[in-house]
Amino acid sequence: MSIVEFKDLTFSYSKGFILENLNLNFKKGRFTAILGESGCGKTTILKLIAGVLTPTSGTIIKNFNKLGVVLQGDSLIENISVIKNIDYISGDRNMSLKALKLVGLENIQKLKGKTLSKGMKKRVEIARALSIEPDLMIMDEPFANLDYFTKLSLITGLKHFISEINATFIYITHDIDEALL
């Protein structure tokens, strides 16, 4: 079963076509890494899935209820604690704590967002997106600010968690080794 399908999808910005007659099929429960050079439309694909952008033509079929999103920039609320940042999205403290543990940051739940490193912020953003137990998780270069061992540990944990909840995982990376993990 497809969780997202693009049928003859075209998208253009004012400067021309980014995607033209694109057909993609993302199957439920799969991990998909999107690789490509800068400006080829990787982030555009995620924004189309999230509904932030509308196709110029073609169709997107969406078969999911809960979407977890991690984008490139920082999105934490800087002046509240880590756990409140996650609770704000999940509404469930137990799920917030489970997600925070998954990303290895259960000991910093009382720290404010503004005190964290970029890598820690990104891990909290990942925890926040996971805390809703999404059907589909889309991520745009989520591991860019992480060291190799943290990245490896996090990817392993994500794979386990996402398979546990039978979610689909689509993410963008420029790192071929990371995509193979």
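Guide: Helix α4 (residues 118-130) lies across β5 and β6, and runs at about 170° to β5. Helices (H or I, at least four residues) and strands (E, at least two) are DSSP runs, numbered from the N terminus. Axes are lines fitted to C-alpha atoms, for helices over the stretch in contact, and angles run from 0 to 180 degrees between N-to-C directions. On the sheet packs helix α5 (residues 148-164), which touches β3, β6 and β7 (168-172); contact means heavy atoms within 4.5 Å. The direction of α5 makes about 145° with that of β7.

This is a predicted model, in which local features need pLDDT of at least 70, side-chain atom pairs count only at pLDDT 80 or more, and totals for chains, interfaces and linings use all residues. Residues are numbered from 1 along each chain as its sequence is written, and side-chain values use heavy atoms, with hydrogens and water left out.

The sheet itself is open, with four strands in the order β3-β7-β6-β5 and parallel pairing. Its edge strands, β3 (31-34) and β5 (67-70), each pair on one side only. From one strand to the next, the twist averages 10°. Two strands count as paired if DSSP finds at least two bridges between them. Strand β5 is joined to β6 (residues 136-140) by four bridges, and these two strands run parallel. Within this pair, Gly68 stands opposite Met137 in β6.
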